[in-house]
Amino acid sequence: MTTHRATALKADPRVPPLVVEGLTVRFAGLVALDAVSLTVVPGEIHGLIGPNGAGKSSCFNVVSGVYRAAAGSVRFGDAELTALRPDQIAARGVARTFQNIVLTRGSVAENLMLGRHSITRAGFVASALRLPSAVAEQARHRARAREIAEFVGLGAVFDAPVAMLPYGVRKRVELARALCMEPKLLLLDEPVAGMNTAERVAMSRTIEDIRAVLGISILLVEHDMGLVMRLADEVTVLDFGRRIAAGTPDQVQRDPDVIRAYLGTAHDEPEGGDA
Amino acid sequence: MTTFIQMVINGLALGSVYALMALGFTIIFRAAGTMNFAQGSVMMLGGLLVVRLHDALGFWGALVVAAAITAVFSVLEALLLRAAKRRDLASLAIMTIGFNTVALAELSRQIGVDVLTPGDPWGSRILDLSGITVAQTRVASLVIAGVLIAAFFLAFRYTRWGLSMRASAMDPEAAALMGIRRGRLELSGWAIAGVLAAVAVVFLAAFPNQGLSQTTGEIALAAFPAAIIGGLGNPAGALVGSLLIGVTEAAAGTYQNDLSVLGSGLSLIAPYVVMVVVLLFRPQGLLGAKEVSRV
Amino acid sequence: MAAGLVVLLVMPIYLTGFWLGVGLFSMSAALGAIGLNLLMGTAGQLSLGHAFFVAVGAYGYAWFAGDSGRQGTVDLHGLGLPPVLAFVLAVLLAGLAGVLFSPISGRMRGLYLAVATLALVYIGHHVLLNAKPVTGGFNGRRIPEMEVFGFAFGDGSPDTLLIAGVPFERLERLWYLGLLLVVVGWWLARNLLRGRPGRALSGLRDNELAASVMGVPVARYRAAAFTVSSMYAGAAGVLLGLVYERIVPDSFGIMISINFIAMIVIGGLGSVGGAVAGAVFVSALPLVLGHYAEWLPLVVPAGMEAAGVSPVEASNYLYGLAIIVILVFAPGGLAGTAQSLTARLRRVVRRGEP
């Protein structure tokens, strides 16, 4: 088990830990992850960092069900995620954002409502016939989606088409959509990539708000060291698919292996948001 | 036993002709990323040209000219496709369907209700190999298709052109950076598909088939399952798929009477039945690769 | 909108048999097109097998409602059920056929699915030709008249029905049935598109991975879209049968599937109204060209030995060209163009306002 800051984490009691053990992922001869282990304690913000190609996205992809694990396990509560399809994992309360925003055509509201899919139930028959249960459900969830949009600062653009929104705002929509899934674990894939300083500060505050208000666990991949060190309670460092360090941000920043992996850039603040 | 061997030979001959079409699809798929549903009309054009020109130019002359014109026609289709505003798979495929509808309408009109002979040199002569009778056209198709297919594979593997095709399909950006002229490469693919189609139609129309008629285009549709069975975009797969379909079709025709409980005309649907069976067990095709998506 | 509906309701009083036929044929096509639009426009899947499901609907109704007996050289079998029940069962049968295809439609996408659906048309055609007791083989089968609570959608029962002095016989009565079916079909489709299933299907089309990660079970929804689409096709088939009174296997070939695709593209992918508009255009065209063949240059009635093209050929040229032109210049089809024109008009009007 890893040690972490003594700050009391106010987790929602329904949030279980995410326990990754010995996770190995291979593609066509390349080992993307090599027996990686980490634990996300309920309610903590856990940073996952490492140089490019270290395997951070692969880790996310396995947890969300996009990649298949060659070995190891990912347990979230009583569910073994490596055996599940992405939609089944979503139903278990795991939501993620994507590095390259993947919003669908339509308005912000429509995208957020798609995020509500796993917690709504109206099927083909109920929707086609506009049964009262389906209509009421849609109205209820739309209202909730609007609340979430406002929480994230998107209230003004709720009905706007996403295609017309600037990059920074679309990143927020991506985040809001993940929140609409009412997740217990939120996987954020480079949430501030491509943003300017003001946007980064705002996003950072939003992420803190999410943790404070919702009490959910957050696993965060980012290249912006300053952001990660400020936000994270716990950090895991990957390099070439292996875990090379884990601990509090202070501990990790001083770890010689980490410094070596980054070739001395641990004290600089490299530009985040590469392709 | 002789029936069986005859069936296998006929099946392989038919399969080799389908392979010419299926390879054409495969090249176009790798080059342009879409399925060319107009391959049937490209093929019919080739056939019509051979029919019209063989009196004046002799069979081989007509075939060469037809192949050249068909190649140009194919390239014209490719250029038209470039004008499509939406570049997604379905839109491009539908564009080829639109092209096919127009082209086929005109070609059908030209052919009318006639059944035309391609004027090939083998006619209806039969070859007798110690009791096994095979139409000469079937032997010719095996040989000619075999040569073309072998040439294709050798070129694909060992020439600069082939390497460019493979690289371009695998990683278009890197290929472009290495100086591969993607546009020209794509057009060369379409042109080759056109040539192969022109050769294929001769054998689809020749003895013992009736001749070139409006329905010949539909026979060509059987090459689609061939390409899919093998795994779309895989030339070796297209070959395997085509031979499999050819032999199954021949078998269905030969043993039709034993299978009469399933109805008559089984050889027509044999390609599709094989495809459904293969896809049920291997959705990516026999030699296709399972998709690995990276987000 | 309401005015249009009133016009449609009164039309049978004024239309001749030919135009009633054109309208009914268009309605059948519209039903099929709405279904295919759900599959192609919303879910983003390309299907060449729509004709097969239309056939299932038509033949299903003939079998459920038809009587057993001898027809020529064939011993036909039929269940003789009440026509309304037969209609419902035929649509469900088409849906069942869609479900049976789901191991393929659920797991495959793109070109693999498109080519796999070819199999439906050809194997289907084979079955239609060979399952003679049910389908009547090559010569096809008669379609029993539709009857609802004693009111027949044919020339009898009641024997003479006069509305505004015009005798309402089979085609006039079927007109209202057709309208009802199209309106209901449209309403159901609109609800689906605006609700949870529509969002999930659009999500699948735009980015399958993202939709899956958000909780949409991919295979199940793809198969569901296919099934819903096939039910619409089945309903279209029943209406088609009722209009033509007789169906033959050759009416359900690959060109029908391609016609449906043309309807969707010309009308505008993803729009229910577009699907209907496209359906009317593509269905009416050959019939209208044939009707006016003598007055049109270049168009020659089918079968005539003269310089010119037959109505069907002319229509094929036109659809093919329309598909190409639309994909190159206005991918949104008729619906998309209408939308952008109204948007532009609104802007102009707004600018003119004080």
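How many residues of chain C are in contact with chain A, and how many of chain A with chain C?

A: Some bookkeeping before the contacts. This is a predicted model, so local features need pLDDT of at least 70 and side-chain atom pairs count only at pLDDT 80 or more, while totals for chains, interfaces and linings use all residues. Residues are numbered from 1 along each chain as its sequence is written, chains are lettered from A and ligands numbered from 1 in the order in which they are written, and side-chain values use heavy atoms, with hydrogens and water left out.

Now to your question: 27 residues of chain C are in contact with 29 residues of chain A (contact means heavy atoms within 4.5 Å). Between them they bury about 2,500 Å², with carbon and sulfur atoms giving 66% of that (buried area is the accessible area, with a 1.4 Å probe, that two parts lose on being put together, summed over both). On the chain C side, Arg196(C), Val213(C) and Met214(C) lose the most area to chain A, together 31% of what that side buries.

What about the polar side of things? Eight residue pairs are in polar contact across the interface of chain C and chain A, both residues at pLDDT 80 or more (a pair of N or O atoms within 3.5 Å; within protein, one must be able to donate a hydrogen and the other to accept it, and residues adjacent in sequence count only if both atoms are side-chain atoms). As for secondary structure, helix H8 (170–194), helix H9 (196–206), helix H10 (208–213) and helix H11 (218–244) of chain C each supply at least two residues of the side that touches chain A (helices are DSSP runs of H or I with at least four residues, strands are runs of E with at least two, and both are numbered from the N terminus). The top contributor to that side is H9(C), with eight residues. By type, the chain C side divides into 16 nonpolar, six polar and five charged residues (Ala, Val, Leu, Ile, Met, Phe, Trp, Tyr, Cys and Pro count as nonpolar, Asp, Glu, Lys and Arg as charged, and the others, Gly among them, as polar).

Chain C and chain A share one salt bridge (a side-chain nitrogen of Lys or Arg within 4 Å of a carboxyl oxygen of Asp or Glu). Asp206(C) pairs with Arg105(A), the closest N and O atoms being 3.2 Å apart. Asp206(C) also has a salt bridge with Arg205(C), at 3.2 Å from N to O. Arg205(C) is partly exposed at 27% relative accessibility, and Asp206(C) is partly exposed at 24% (buried is under 20% relative accessible area, exposed over 50%, partly exposed in between, with a 1.4 Å probe and protein chains only).

Over in chain A, shared partners join Arg116(A), Arg144(A), Glu147(A) and Glu182(A) into one salt-bridge network. Over all chains, the count is 18 salt bridges. One of these pairs is Asp224(A) with Arg200(A), at 2.7 Å from N to O. Asp224(A) sits in the loop between strand E8 (217–221) and helix H8 (225–231) of chain A and Arg200(A) in helix H7 (residues 197–214) of chain A, so the pair ties together parts 24 residues apart in sequence. Both Asp224(A) and Arg200(A) are buried.
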